[in-house]
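Student: I would like to work through a structure feature by feature. Please show it first.

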Amino acid sequence: MRSKPVVLKVRAFMPDPSFLLIQSLSGLTYAMFLFLIASGLSLIFGVLGILNFAHGSLYMLGAYLTYQFVSQFIDAPGQFWWAVVFGSLSVALIGGVIERLFLRRLYIREELNQLLFTYALVLLISDFAKIIWGTGQLSVSRPAILKGAVPILGQYFPEYNIFVIALGPGIALLFWLILHHSRWGRIIRAAALDREMLGSLGVNVNWLFTVVFTIGAWLAGLGGALVSPIAAIVPGMDVEIIINAFIVVVIGGLGSFWGTLLGALILGQVISFGILVFPRLSMVFIYILMAVVLILRPWGLLGKPLQR
Amino acid sequence: MIMLVVEKVKKSFDGFVAVNGVSFSVNKGEICSIIGPNGAGKTTLFNLITGHLRVDEGKLAFKGIDITNLPPHRICRLGMGRSFQRTNIFPRLTVFQNIQAAVLAHRGESFNFYKPVESFFREETQAILGRVGLKDYGDMVSGSLSYGFQKQLELGIALASEPELLLLDEPTAGMSAKETHQTIELIGRITREEGLTLLFTEHDMEVVFSISARIMVLHQGRLIAEGLPEEIRHSPEVQKVYLGEAR
Amino acid sequence: MFKENWFLIAIIFLLALVPLSDSRFYIFLGTDILIMGLFAVSLNLLLGYTGLVCFGQAAYFGIGAYTYTLLMKKASFSFPFAFLAAPVFGAVAALIIGIFCIQRTKIYFAMLTLAFSQIVWAIVFKWNSLTGGDNGIIGIPFPQHLDSPTRFYYFTLVVVVFSFYIMRKAVNSPFGRMLTTIRENPERTEFIGINVKLFQLLAFMISGFFSAIAGALFAIFNHSVFPDLLFWPHSAEVLIMTLLGGMYSFFGPLVGAAVMLYLRMLVTSYTQYWPLIMGTILALLLFFFPGGIVGFLKTQRLFSREK
């Protein structure tokens, strides 16, 4: 008995498994960047109670500043890595200054004011970036050691992306260790549960806020720094990532750390495959998912219901 | 006639049992108080009675009607009034507007879309202001009032709904001895004049023993004693619970 | 009370005289301000009066704009029908979306409004066959008897004044007072016998209704519609206008719209960095003028009276 054309039809329907794997890995890569930004967003929201619209802008600054430092350190050994370090730390510094000088003054007001100030920052940072770096696309080349690509099932996947995929959980683990096994971590977790209580326990809440905001900003800056060789550095990257970061944080749970990782992984895959399978519906689907989670389980998959 | 029946009501939060099988009833015209150390579950019990929280188990009946898990606004409309532990007023509105809003809601005018609101129920509102001792403070922004006056305003808002049963959550909290005395006198007078049934929680033992007809003692979510003031005063269980809480 | 009404009538009279200046510029700006003013005031029904922070108001503006456009262009309905259908669709959308949103409070409510607004945007953006997707729909003409900027300006003036009249009545009525108590203290309002969620939903629908009218007016005024009208920065922009003017007064948002549109016109003729200016204004507002322009003016007047 000969095999029927049915077999051929099935094969035409099923895409190449190596192609699927590559798509999945791309989704994983994007998920890591989402995780970096969303975890900073989640941390800031958990401790300070502020939803930082400007987090995408800090990410963008990280990318631009990395580009700047790479241009400064032309032909220096390890120029990319130095640029990443300086770029992310600069963003951390900028974040700390913003919190200390401006955001702090709005704490006594209603939450809407703080939210809107972060939006004002989005406008300001976006235009500052345009003034300094123009509106064209910029890019940074990949570091020498990670310039190559690795063959996977017959297709090639960039070494740099693999590095990013490995780095994500690495940073997650590092933060988990700090949050659960150090004094600072315990304070941060306590602050997320009850800010006022912490103040009466003698913790300098003001400094805590500045430190947490700085760390959150550093994470965003790091994300931007690391994305600079992969994505185009261009105005608008701030707006594009912040919406997705919001979705991740909502799905995973505002203030929940592992939830953010989970949310990032989910969204990364949905975006990666959605474009292929349901290009028209995937965008709508993502927002519907966000709405559904907010309606049914607003504290996300792994978060805890807000007591406030 | 029995005003309020609380039957084996239970409520937990995340594993912590706040109210554990509490049962009691309150008769019409009675003045009852619920006492107990901090964390005993008094405010939670109130929130369950007024519908702000859902019960896990048990039943609640008001004037013979089953009110278990009804939304707060329905329970209010049936004739229950309440004051809250932390002052609950409408801070940016004036004292007059605070009371007027409650009167508007009570008299069913809340869906009126077209007439200017200033003209409604001016006399009734002034009358209530007078009853709670705020006659001349009508035009003051309520958020700027002193604590004591805000508490009086809160009482006024509760009274505006012409309740038959009034629940007061720590009505004299944070007051000086003089203010406490004035407040209790005011509450006692209004209760008598209107024939209200009163259920309140308190920490101030003097207040409790001076006006309560019946006292209930809550401890760790359970009702551990119930009876006349004299009985409670001499009850060994209650004294054990209150060791160290002299007043 | 009466003084205020005479003041308003004077303003309306002045506005009616604008086209006599024969300046296309002022007629254009005036129409724009009236439309955005209506949009902002309808948002403020939720924000300033009911205390609901809404990040997705652009959805109803856009629904109004697209409903009118699609009914006129694709379905060839008559102008009155299409124009009246727009706010109806807006109110229905607000009802559906509102039912879900009011189940949550504060930040979750705000994010829900944002999520739904993005859903609507994504649908409009992707449904190419119906809405033209990213290309939008162009070539929307003035309606038959309103076929000049001046005539359309007067039509807009009438519609907007009438809308303001209705909204103002509602806000100064017992219903409006209930909204204010909800803003001040929803828990307390619940226990004066008010079904808070029902009132919030009604406010939502009224707000959506009038935002959609603004959207329909805009579709005609702009002679085109694009998905951008529904994108979240548009919601942010109208929110800023509302705060700029002052969210605790009825006409504050209209003042905010006027100032912001005028400033934008000025600034964009010199530089492309309007977002920078807008961000600075917003920051200044938040730090120094929390009551907005009208709030600030009110404190000034208070000063001189209490001498």
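Student: How many bridges join strand β4 of chain B to β5(B)?

Tutor: Strands of a sheet pair through backbone hydrogen bonds, either parallel or antiparallel. Here two bridges join β4 (residues 57–62) of chain B to β5(B), and these strands run antiparallel. Two strands pair if DSSP finds at least two bridges between them. Helices (H or I, at least four residues) and strands (E, at least two) are DSSP runs, numbered from the N terminus. The bridge partner of A61(B) in β5(B) is D66(B).

Student: What should I know about the model and its numbering before going on?

Tutor: This is a predicted model, in which local features need pLDDT of at least 70 and side-chain atom pairs count only at pLDDT 80 or more, while totals for chains, interfaces and linings use all residues. Residues are numbered from 1 along each chain as its sequence is written, and chains are lettered from A and ligands numbered from 1 in the order in which they are written.

Student: What is the strand order of the open sheet in chain B?

Tutor: The order of the four strands is β2-β1-β4-β5 (chain B), with antiparallel pairing. β2 (16–27) and β5 (65–66) of chain B are at the edges with a single partner strand each, so one side of each has no neighbour in the sheet.

Student: Which strands does helix α1 of chain B lie across?

Tutor: Helix α1 (residues 42–49) of chain B lies across β1 (2–13), β2 and β4 of chain B, at about 65 degrees to β2(B). Axes are lines fitted to C-alpha atoms, for helices over the stretch in contact, and angles run from 0 to 180 degrees between N-to-C directions.

Student: How many residues of chain A are in contact with chain C?

Tutor: Two residues are in contact if their C-beta atoms, placed from the backbone, lie within 7 Å. On that basis, 25 residues of chain A are in contact with 26 residues of chain C. On the chain A side, α5 (111–133) and α12 (281–296) are the elements that give two or more residues. The largest share, eleven residues, comes from α5(A).

Student: How many residues does chain B bring to its contact with chain C?

Tutor: The contact takes 29 residues from chain B and 21 from chain C. The elements of chain B that give two or more residues to this side are α2 (72–79) and α3 (95–106), and α3(B) gives the largest share, five residues.

Student: How many helices and strands does chain C have?

Tutor: Chain C has 14 helices and two strands. Its C-alpha trace spans about 55 × 45 × 40 Å along the principal axes.
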